[in-house]
Amino acid sequence: TTLSLSLETYSLKLHSNMLSRTALLLLSAAPAAMGFMPAPQGTAVPRLGLSRAVAASASTRTPSALSLNMETELYGSKNSRSPLVEWLLVETNTPYKHREDRDGMPNPFGQIPALRDGDVELFESGAILLYIADKYGSASATPEERARYTKWVVWANSALDKSLFTPDIDRRAPPLLAVLDKELEGKEWLEGDFGVADVAVGSYLLFIPMFHPQFQMRDFPNVLSFMKRCCERPSYSQAFEANGPRAKAYVEQQMSAPAKKKTFGFQV
């Protein structure tokens with residue numbers, strides 16, 4: 001009887017070990033089956049932003065940094081601010097599902113865009129942008145690095161937004177654009193490499209052709225050049241679709257317009 005029990009115990013342990021090894025093999029194969037592979041040893045991870053923390057490709061992130069069930073859902077529409085969130089999702093190669101319906105939308109106030117990423121639920125475009133940058137970029141951003149791009153995302157939502165989405169744009173926008181033009185002098189992007197700050201600010205600026213196509217930008221050449229670089233990014237065109245060609249045409253027209261001339265102290 002003792003020998004029989006020992007053999008049975010040994011058999012159970014052997015079977016358990018085989019199941020454990022099979023499970024490990026399946027888990028290790030899952031990322032490859034879904035297209036996610038860790039970067040080879042020594043591969044340089046390109047940076048995407050002011051914090052130098054947003055990785056440019058999901059293929060450079062390890063499987064543990066990804067949501068393998070691909071549950072990221074963006075609730076929105078192409079005629080809302082949702083495309084600016086999509087722009088960053090595309091830039092970071094983050095898999096997501098775009099939802100036009102409102103069933104189970106995670107914003108209790110019923111507004112879009114809203115995001116569900118696993119158990120995380122978010123609303124407000126600025127908050128969503130910062131979350132995407134933090135989660136699907138590098139986890140190494142320090143508070144000092146985050147401060148460099150957070151200020152621009154918040155500014156875009158709180159100040160630039162109010163000066164552009166208004167019938168009074170001709171009075172309210174120029175003072176802010178003049179300061180932004182100085183900030184962009186001699187720069188390609190707002191804070192070093194392209195990143196979430198450029199997505200936030202660039203998106204709002206490139207809404208101008210959609211809502212205020214007659215607004216004149218010729219006094220802000222650095223802002224216009226910045227807008228041109230933004231709308232030339234393939235990820236922008238993919239996210240904004242129909243507004244992409246409209247934005248490009250507007251920027252080109254504004255850049256070719258003659259600058260205002262001063263006559264007896266007045267601009268004409």
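Tutor: Gladly! Helices (H or I, at least four residues) and strands (E, at least two) are DSSP runs, numbered from the N terminus. P113 is found in the loop between β2 and β3, and a cis peptide bond with omega of about 5° joins I112 and P113. This is a predicted model, where local features need pLDDT of at least 70, side-chain atom pairs count only at pLDDT 80 or more, and totals for chains, interfaces and linings use all residues. Residues are numbered from 1 along each chain as its sequence is written, and side-chain values use heavy atoms, leaving out hydrogens and water.

Student: What makes β3 and β4 a pair?

Tutor: Two strands pair if DSSP finds at least two bridges between them. β3 (residues 114–117) and β4 have four bridges, in the antiparallel sense, so they pair by that rule. In this pairing, A114 stands opposite F123 in β4.

Student: Why are β2 and β4 at the edges?

Tutor: The open, mixed sheet has the order β2-β1-β3-β4. β2 (97–99) and β4 (120–123) each have a single partner strand, so one side of each lacks a neighbour in the sheet.

Student: Why is E124 called partly exposed?

Tutor: Buried means under 20% relative accessible area, exposed over 50%, and partly exposed in between (1.4 Å probe, protein chains only). E124 has 45% relative accessibility, so it counts as partly exposed. N93, at 41%, also counts as partly exposed.

Student: What is the phi of E124?

Tutor: E124 has a positive phi of about 80°, although it is not a glycine. Most residues other than glycine have a negative phi.
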